[in-house]
Structure formats: C-alpha cells, structure tokens
Amino acid sequence: MSKRRILLSSPHMGGTETKYVQEAFSTNWIAPLGENVDIFEEQIKEYTGANAACALSSGTGGIHIALDLLKVEQDDIVLCSSLTFVASANPILYHGGKPVFIDSELDSWNMCPKSLEKALKYYKMLGKKPKAVIVVNLYGQSARMDEIGEICSRYGVPIIEDAAESLGAVYKGRMSGTFGRFGIFSFNGNKIITTSGGGMIISNDEMLIERALKKATQCKENATYYQHESVGYNYRLSNVCAGIGRGQMEVLEERIQQKRNIFDKYVEGLGDVDGIEFMPEIEGSYHTRWLSTMLIDPKKLGVRTSELIEHLEESNIEARRVWKPLHMQPLFDGSEYFHGEADNAKYLFDHGVCLPSDTKMTEAEINEVISLCRERILAQELFA
C-alpha cells in the first residue's frame with residue numbers, strides 16, 4: 001500500500017482561499033465576525049437566491065437552531081428522513097423531542113412522499129401535530145420538494161431542508177435548500193466545498209435569520225452590558241474559516257462538474273454490468289453527484305457490498321456503504337418508522353456502495369477503481 005490513497009471525498013482548494021485567510025490575519029479579524037463572514041453569506045444568498053443567510057460552525061448547529069426557532073420541546077414529534085447521517089436527527093434529541101423516521105423512495109433515494117403523508121395522517125388521527133419535518137437531500141440530489149411541500153402545507157407542518165450534501169443541486173428550477181422554512185448546508189471537510197468545518201442556515205424570512213444569528217451568538221441582547229434573556233449557542237463561523245469558504249465558492253461550479261464527470265465515467269465503465277444500478281437522477285432534478293453511488297445485486301453478481309469494499313481497500317482505495325438508516329441505529333431504538341410495503345431505506349443500505357468521488361482523482365485512478373470493481377465481479381462469476 002505504498003501508492004497514494006484514493007479517497008472517497010476530500011478537501012480540494014481552488015487557490016484563492018489562502019488570500020482571504022491571510023486577509024483575516026493581517027486585519028486581525030480572526031473572531032467569528034468580519035468581512036469574510038459577511039461576504040461568504042452574501043455569496044450563498046446570491047448563489048441560492050435565498051433572502052437571508054447566517055454562517056455557522058456546523059450544519060448540525062443549523063438544524064439545532066432551526067428546531068429551537070420552531071419551538072421544539074420535550075416529547076414534541078419531529079419527522080425525519082431515515083436514510084441519512086445521524087447529524088440530521090441528533091438535534092431533535094438536544095431538545096428532548098421524539099424523532100419519527102420516514103422511509104426513502106427507490107428512484108430518488110430521498111424521503112418518500114407517500115410514507116410522509118402516512119405518518120402525518122396517523123399523527124393527525126391521534127391529535128398530535130408534528131413540530132417539523134426534516135427532509136434530507138441525499139448525496140447531492142434534491143428530494144421531491146414540490147410533493148413534500150404540498151403535503152406539509154396541507155398538514156401545517158414546517159420543513160427544515162437538510163441540504164448538507166446538496167449545495168448546487170436544482171429541483172424544478174429552484175436551488176436545493178430554498179424549499180423549506182429553513183435550509184441547512186454543511187461545509188465539512190468531505191463536502192463539495194469546505195470551510196474545514198462549518199455550515200450555513202438560510203431562509204427567505206429575514207426575521208428568522210436575524211433570530212438565528214442571535215441564537216448562534218449566545219442570545220446577547222442589544223445593551224451596553226452582557227444581557228441574556230433566552231438560551232443561546234456558540235455556533236458562529238470564524239472569519240478565518242469563512243475566508244476558505246469565499247475561495248471555495250469561486251470553484252463550486254467547477255467542483256460540481258468534476259463530480260458529475262466522475263459519475264459519468266463510472267457509468268461508462270460499469271453500466272453494462274447486469275446487477276449494478278446507479279443512483280438515478282430524477283426528472284426535473286440536477287444532481288451534483290457529491291458522491292457516486294450504486295447498488296449491487298448479490299443474487300446476480302454473487303458479491304456483497306462489504307466484499308467489494310474490502311477488495312478496493314486492499315488496493316488502498318476508500319469506498320463505503322451508504323448511510324445506515326437511523327431507524328436501524330441503536331441510538332433510536334423504539335422510534336416510530338413509516339414505510340410502504342417494503343423497507344426501502346434498509347434495501348439501499350444493504351446493497352448500496354459509495355465509490356471514490358474525490359475531485360483530485362486522476363483519470364487513471366478512476367479507471368483503476370472501475371477495473372478493480374470489474375475484477376472482483378468477474379472473479380466471482382468465474383468461480384461460480
């Protein structure tokens with residue numbers, strides 16, 4: 001394993017980030033405020049079309065603040081996509097709320113509108129109105145936000161759009177993150193752009209973002225002394241990290257195209273294999289392909305996801321299973337889970353693989369991943 005490791009997705013600097021970080025140092029604005037923070041927020045607003053944005057230290061913090069502003073309290077019900085990273089649901093527990101998980105649909109891999117409505121009908125029958133729905137846009141693709149929005153509107157439940165993985169995605173002419181009462185982005189090190197660690201909360205309601213900013217800065221009141229009348233948090237993004245974000249925004253479209261090109265190469269190299277199915281791009285959607293993901297059918301191929309991942313690891317190549325659904329996590333034992341005839345989230349977990357999608361990969365490295373995948377499958381076919 002002496003060769004360079006091929007990573008799933010790692011930071012990729014564009015070149016101007018150091019200039020903006022240096023400006024933060026030279027002006028001594030290294031605290032969680034300054035020109036980089038202001039400009040980074042403006043870039044996100046201009047890019048997404050949102051009216052207001054607040055830069056934060058994490059996407060998780062954005063979900064936490066959104067739930068706080070929606071007044072989620074002890075035992076309140078919050079519906080959430082099951083097929084996602086735990087950060088989507090952990091903030092529900094911060095408030096003492098009860099997470100209720102919703103299954104995926106197989107064509108988008110995102111929240112199933114039918115399962116969502118099933119849950120909302122059930123809780124209406126019980127006289128328990130959920131406080132919010134957290135909809136996750138998985139791996140760079142928007143959920144069916146028109147259908148989900150219409151359903152939530154009928155039941156009077158606000159949407160928090162967890163767009164942590166989908167900055168740059170488009171659904172029916174609108175940018176990911178702009179459909180809900182709040183939209184949340186992540187700039188963690190593995191995301192399509194990064195601030196090393198960071199996030200953003202956006203909304204078309206400017207007053208809500210003003211309140212989010214206050215929450216993110218310990219709820220300090222406007223006084224000549226330190227006055228605090230409500231609970232706040234320390235979630236503001238530093239001016240240094242925001243400088244990285246400024247530079248990253250300048251290469252965002254390039255990174256999206258690189259991600260999509262990587263996916264296209266995988267489809268070209270593996271799409272002819274009977275038993276491999278790639279994550280679809282649903283009609284009306286522009287998928288960023290943050291991660292290139294596929295399903296493998298062990299009945300057709302005789303290979304399990306774990307075996308393929310291990311085979312790649314032997315050549316120092318990182319691949320992973322898709323997210324383990326939250327309704328299957330020990331942390332959420334006993335939580336309600338709404339699905340149709342089948343458990344689609346579990347099926348996607350059982351058969352899904354995230355292939356290396358690093359924008360610094362060379363064409364030769366992509367071809368190596370393809371060759372190793374074919375080698376493992378072919379070896380099994382020959383053995384069979």
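In this predicted model, helix α5 meets helix α6 through P113, L116, E117, L120, K121 and K124 on the α5 side and through E147, I148, I151, C152, R154 and Y155 on the α6 side. Sorted by class, the contact of α5 with α6 comprises seven nonpolar and five charged residues, with no polar ones. Helix α5 spans residues 113–126 and helix α6 spans residues 145–155, and the two pack at an angle of about 10° with their axes 10 Å apart. Because angles under 35 degrees count as roughly parallel, α5 and α6 are therefore described as roughly parallel to each other.

The crossing in which α1 passes α8 is right-handed. On the α1 side the contact is made by E17, Y20, V21, E23, A24 and F25, and on the α8 side by N239, V240, G243, I244, R246, G247 and Q248. By class, six nonpolar, four polar and three charged residues take part in the contact of α1 with α8.

Helix α12 covers residues 344–351, and its buried residues are N344, A345, L348, F349 and H351. The elements that cover these buried residues of α12 include the strands β12 (292–296), β13 (320–321), β14 (337–338) and β15 (352–355), together with the helices α10 (298–301) and α11 (305–313). At the start of α12, a side-chain oxygen of D343 comes to within 3.5 Å of the backbone nitrogen of A345, and A345 is itself one of the buried residues of the helix.

| Residue | Relative accessible area | Class |
|---|---|---|
| S186 | 12% | buried |
| N28 | 61% | exposed |
| S196 | 46% | partly exposed |
| T217 | 36% | partly exposed |

S186 is located in strand β8, which runs over residues 182–186. With a relative accessible area of 12%, S186 is buried, because the cut-off for that class is under 20%. The side chain of S186 reaches the backbone nitrogen of N188 at 3.2 Å. When neighbours within four places in sequence are left aside, S186 is in contact with A164, K191, I193, G198 and G199.

N28, in the loop between α1 and α2 (35–48), has a phi near 65°, a positive value in a residue other than glycine. S196 belongs to the loop between β8 and β9 (199–203), and its phi, near 80°, is likewise a positive value in a residue other than glycine.

T217 lies in the loop between α7 (206–216) and α8. Apart from neighbours within four places in sequence, T217 is in contact with Y233 and R236. The C-alpha atoms of T217 and K131, which are 86 residues apart along the chain, are separated by 24 Å.

Key. Residues are numbered from 1 along each chain as its sequence is written. This is a predicted model: local features need pLDDT of at least 70, side-chain atom pairs count only at pLDDT 80 or more; totals for chains, interfaces and linings use all residues. Side-chain values use heavy atoms; hydrogens and water are left out. Buried means under 20% relative accessible area, exposed over 50%, partly exposed in between (1.4 Å probe, protein chains only). Helices (H or I, at least four residues) and strands (E, at least two) are DSSP runs, numbered from the N terminus. Contact means heavy atoms within 4.5 Å. A polar contact is a pair of N or O atoms within 3.5 Å; within protein, one must be able to donate a hydrogen and the other to accept it, and residues adjacent in sequence count only if both atoms are side-chain atoms. A crossing is left-handed if the near helix is turned anticlockwise from the far one by less than a right angle, and right-handed if clockwise. Ala, Val, Leu, Ile, Met, Phe, Trp, Tyr, Cys and Pro count as nonpolar, Asp, Glu, Lys and Arg as charged, and the others, Gly among them, as polar. Axes are lines fitted to C-alpha atoms, for helices over the stretch in contact, and angles run from 0 to 180 degrees between N-to-C directions. Angles under 35 degrees count as roughly parallel, over 145 as roughly antiparallel, 65 to 115 as roughly perpendicular and the rest as oblique.
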